[in-house]
Amino acid sequence: MCGVFGIYDPVGPPDRDVARLTYFGLYALQHRGQESAGIAVSDGSRVMAMKDMGLVNQVFDEPRLSGLAGRMAIGHTRYSTTGSTVWQNAQPIVRHSNGRAIALGHNGNLTNTAALRSELHERRVRLESTSDTEVIAALIAQHESDDLAEAVAAAMLHIEGAFAAVVLSEHALAGFRDPDGIRPLVVGRLDDAWVLASETCALDLIGARLERELKPGELVVIDERGARFRQAVQRNGGSLCILEFIYFARPDSVMQGQPLHDARRRMGARLAEEAPVDADVVIGVPDSGTPAAVGYAEHSVIPYGEGLVKNRYIGRTFIQPDQGLRDRGVKLKFNALRSVLDGRRVVVVDDSIVRGSTTHKLVQLLFEAGAAEVHLRISSPPVISPCFYGIDMADQDELIAAGRDVEQVRERLGATSLAYLSLEGLQTAAGQPESRFCRACLTGQYPTEIPDDLRLSKLRFEPEPVEIR
């Protein structure tokens, strides 16, 4: 997932505080990554960066933000897929080479990291982290040209997989996107300033307007001459991750011209058409399941209720990297309303089931609160294949629907009944043809080649632990 943000202001301080705007942009993108946060700025002569582990408001305060003065900035919120959750892997990652510095924030996952690390090692380029992001940064920093556009374009020809990134030099800001468009990146304007962000909700928060989405394989470089767009690598079509539509992106964001809240309500309505059930109340799993639950209730004419209360200070259990934290996080995150559930047949709508551990505990929670029946309705098809493009589910054994039919999954979850939205129904509700999406996690068909080494682990570049005797 990860969230990236960038801003170039031709005026600069004191008229506009780019670090503060980046802080608020990252606040809007906090849902995309909760492990670390960072901001890098340039004042036209040097690049300064600050990053740390934790949430945006834990990493930055007034004194830290006041020390980040400049005309341009980038920011990042991390959710790890390659490399462990340590400070060295926090972003933006800064590289110095040939008398210049660049800072880079990346959303996605490269599929040829091992080959690129070997190539850099042969060139005696030292890497300080175990993330694939530093590989991209090193390729850009090592390029012989002082022109940021040329250095980024050259790097784009070498990297493979999913990537949407922002990069900062002393004199320019750039953003670029993979040729399949798997990860999102939008371009906006705030008066005379240019803004880059993973989602439009970040533009909304700072008062910027959406200009357009960056195209697959496209590069934009922004400096004192303005914004210049170029097709840096050949476009392979458009394969935006379908889970952005279903789950990851905020419902108040717009992707591919579609307001996501509306698309998710349509998913719920189509689910009610495909999988009706006699029940007394429809509830959603907050927050990402709520729009689909509303759509299900509207179409089925079953009353909608709030049966689960979410603790807003607890992060998404799905993106906690440790299974033990996921298990403990369920009851920290949700509490059931007995007055809504007691003695009633409940339809509970969620956007997806990945590992199933959270869903199993939610079903138990609803029964403990007095529900007579719990009918699970999922507004996406079963997740049956691992993702290698930036989602931390690279082990197929973790996926509850892999190798099991719906009835077997229902038994493991303990629900009264279970039904998923069909692929056809999902595509209709999304309002886009299937060619516009990567649906590999739902179909097993990947838009790019997946090397065997990538199937091992996100920690494959970590050093072996030293055995103490």
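Modeller: A residue is termed buried under 20% relative accessible area, exposed over 50% and partly exposed in between, with a 1.4 Å probe and protein chains only. This is a predicted model, in which local features need pLDDT of at least 70 and side-chain atom pairs count only at pLDDT 80 or more, while totals for chains, interfaces and linings use all residues. Residues are numbered from 1 along each chain as its sequence is written, and side-chain values use heavy atoms, leaving out hydrogens and water.

Colleague: Why is Trp194 called buried?

Modeller: Trp194 has a relative accessible area of 13%. The limit is under 20%, so Trp194 is buried.

Colleague: Where is Trp194 found, and with which residues is Trp194 in contact?

Modeller: Trp194 belongs to strand β10, residues 193-197. Strands (E, at least two residues) and helices (H or I, at least four) are DSSP runs numbered from the N terminus. Contact means heavy atoms within 4.5 Å. Leaving aside neighbours within four places in sequence, the contacts of Trp194 include Tyr8, Val187, Arg189, Ile222 and Phe229.

Colleague: What makes a set of residues a nonpolar core?

Modeller: The members are buried Ala, Val, Leu, Ile, Met, Phe, Trp, Tyr and Cys residues, joined through side-chain atoms within 4.5 Å. The largest such core has 50 residues, and Phe245, Met267, Val282, Tyr296 and Val349 have the most contacts inside it. Among the elements giving two or more residues to this core are α8 (242-248), α9 (260-274), α10 (290-300) and α15 (423-430). The most comes from α8, with 6 residues. A second, separate core of 33 residues includes Leu120, Ala138, Ala151 and Ala232.

Colleague: Which residues of α10 are buried, and against which elements do the buried residues of α10 pack?

Modeller: Pro291, Ala292, Ala293, Gly295, Tyr296 and Ala297 are buried in α10. The buried residues of α10 pack against α9, β17 (281-284), β20 and β21 (373-378). Val282 touches Ala293, Tyr296 and Ala297, among others.

Colleague: How do you know that α9 and α15 pack at an angle of about 145 degrees?

Modeller: Axes are lines fitted to C-alpha atoms, for helices over the stretch in contact, and angles run from 0 to 180 degrees between N-to-C directions. On that basis α9 and α15 pack at about 145 degrees, with their axes 8 Å apart.

Colleague: Which residues of α9 and α15 meet?

Modeller: Ala263, Arg266, Met267, Arg270 and Glu274 of α9 meet residues of α15 including Glu424, Leu426 and Ala429.
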